[in-house]
Amino acid sequence: MADPKQPLAGVKVVELGSLIAGPFCTRLMADFGAEVTKIEPPEGDPLRRWRRLHQGTSLWWYVQSRGKRCITLNLKLDADRQRARDLCAGADIVVENFRPGVMEKLGLGWDTLSALNPRLVMVRISGFGQSGPYRDLPGFGAVGESMGGLRYVTGFADRPPVRTGVSIGDSIAALYAVMGALMALRQVEVNGGRGQIVDVALYEAVFAMMESLVPEFDHDGFIRERSGNIMPGITPSNTHTTADGRHITIGANGDAIFVRLMRAIGRHDLAEAPDLADNAGRDARRDEIYAVIDQWVGRHSHDEVMAALKQAEVPASKVYSVADMLADPHFQAREMFIPLTLPDGKVIRMPGIVPKLAG
């Protein structure tokens with residue numbers, strides 16, 4: 001039973017989708033109390049068989065599908081399509097991530113569903129959106145990351161572009177989908193409006209994260225290139241390797257923080273240098289500054305580096321593996337791991353809920 005104290009308690013959501021973006025969107029809604037019904041085809045969501053398995057079922061599946069009720073419908077059959085329409089007619093939000101036009105072919109398009117339920121919010125996640133010349137092209141998260149600009153700036157300048165270690169394009173699109181769904185739902189509930197379509201394109205979700213790329217190019221033709229682990233134009237912020245082979249990210253790009261860092265590593269000359277008092281001056285001497293930090297970090301162990309940076313109040317962290325996360329007391333204090341009992345009784349941990357609501 002739904003907890004009536006949860007912020008989305010009573011909100012009914014129907015999910016028609018598979019894999020990552022749509023299901024992640026509804027998982028976030030379910031985390032906060034929405035009643036999510038996931039419609040799967042007879043063969044099941046392919047995510048059930050992705051990556052590492054436990055007794056034939058993906059461990060990722062258990063994370064992505066938590067808090068949902070899953071039902072099987074064969075949408076090739078008239079009777080099952082009618083069942084899907086009935087579910088959507090009673091829902092507040094429908095989330096789908098098919099290619100544009102598929103829902104219409106199934107008799108589950110916007111015109112049909114909104115006629116049945118004028119207050120319905122329909123979230124449509126696709127590679128390129130519901131309009132435009134590319135609308136009918138297939139588009140996964142990797143394509144969105146490439147077209148949206150993320151892949152171009154990720155990696156090192158002397159090597160081809162690389163992907164991040166997770167399906168970030170799909171996940172960003174899911175976050176925008178949740179935000180759009182709740183804004184549309186508020187318009188229905190508070191402003192007395194009708195339901196509407198929330199149109200989320202994977203490439204646009206990624207593109208929206210790309211900081212100042214557009215005005216920088218439009219202003220003077222500047223194209224940001226791959227810059228490895230540094231933050232281009234913002235110094236110092238980089239990853240360094242300790243004497244015992246650990247990797248530590250140090251963000252000392254604030255003016256006062258830079259001074260504290262230089263004093264902590266014994267470079268009072270750089271701490272007091274007038275031309276390094278602001279970011280522009282530091283960025284002009286970027287290579288020199290990074291070489292100094294590299295040399296200092298490389299002479300000390302991880303524990304020595306972290307102790308010195310903590311004492312100096314310089315933002316820093318070891319680059320965590322999942323093993324580091326599970327052992328970290330702060331993750332535990334923040335309840336970032338929650339237990340799940342698998343069907344055979346085995347208990348595993350999964351990621352906790354974000355964000356934290358005080359109520």
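I take helices as DSSP runs of H or I with at least four residues, numbered from the N terminus. The model I am reading is predicted.

**Helix 3**

I looked up D80 and R83 first. They sit three residues apart in helix 3 (residues 78-89), so about one helical turn separates them. Are the two partners buried or exposed? D80 has a relative accessible area of 11%, so I log D80 as buried. R83 comes out at 46%, so I log R83 as partly exposed.

Six strands make an open sheet with parallel pairing, in the order 5-2-1-6-7-8. Strand 5 (68-72) and strand 8 (197-201) are the edges; each has a single partner strand, so one side of each lacks a neighbour in the sheet. On average, neighbouring strands are turned by 20° against each other, direction ignored.

I then checked strand 6 (residues 93-96) against strand 7 (residues 121-126). They pair in the parallel sense over four bridges. I93 has V121 of strand 7 as its bridge partner. Helix 7 (residues 168-190) packs on this sheet and touches strand 6, strand 7 and strand 8. The direction of helix 7 makes about 160° with that of strand 7.

I count 22 salt bridges. One of them joins K38 and E15, with 2.3 Å between the closest N and O atoms. K38 belongs to strand 2 (residues 35-40) and E15 to strand 1 (residues 12-16), so the pair ties parts 23 residues apart in sequence. Both K38 and E15 are buried. I also find E15, K38, D45 and K68 linked in a salt-bridge network.

R124 and E96 meet in another salt bridge, at 2.6 Å from N to O. R124 is in strand 7 and E96 in strand 6, so this pair ties parts 28 residues apart in sequence. R124 counts as buried at 3% relative accessibility. E96 counts as buried at 0%.

**T26**

T26 lies in helix 1 (residues 21-31). What does its side chain reach? A polar contact of 2.5 Å joins it to the side chain of E15. It also reaches the backbone oxygen of P23 at 3.1 Å. T26 is buried, at 0% relative accessible area. Beyond four places in sequence, I list V13, E15, V36, K68 and V95 as its contacts.

**Helix 10**

In helix 10 (residues 255-264), I find F258, L261 and M262 buried. They cover an arc of only 95° around the axis, so they lie on the same side of helix 10. Their cover includes helix 13 (286-298) and helix 14 (302-311). Just after helix 10, G266 has a positive phi of about 85°.

Terms used
Residues numbered from 1 in each chain as written. Predicted model: local features only at pLDDT ≥ 70, side-chain atom pairs only at ≥ 80, totals over all residues. Heavy atoms only, no water. Helix = DSSP H or I, 4+ residues; strand = E, 2+ residues; numbered from the N terminus. Buried < 20%, exposed > 50% of the residue type's maximum accessible area, 1.4 Å probe, protein only. Polar contact = N/O pair within 3.5 Å; in protein donor to acceptor, adjacent residues only side chain to side chain. Contact = heavy atoms within 4.5 Å. Arc of directions from axis to C-beta. Pairing = 2+ DSSP bridges. Axes fitted to C-alpha atoms, helices over the stretch in contact; angles between N-to-C directions. Salt bridge = Lys/Arg side-chain N within 4 Å of Asp/Glu carboxyl O.
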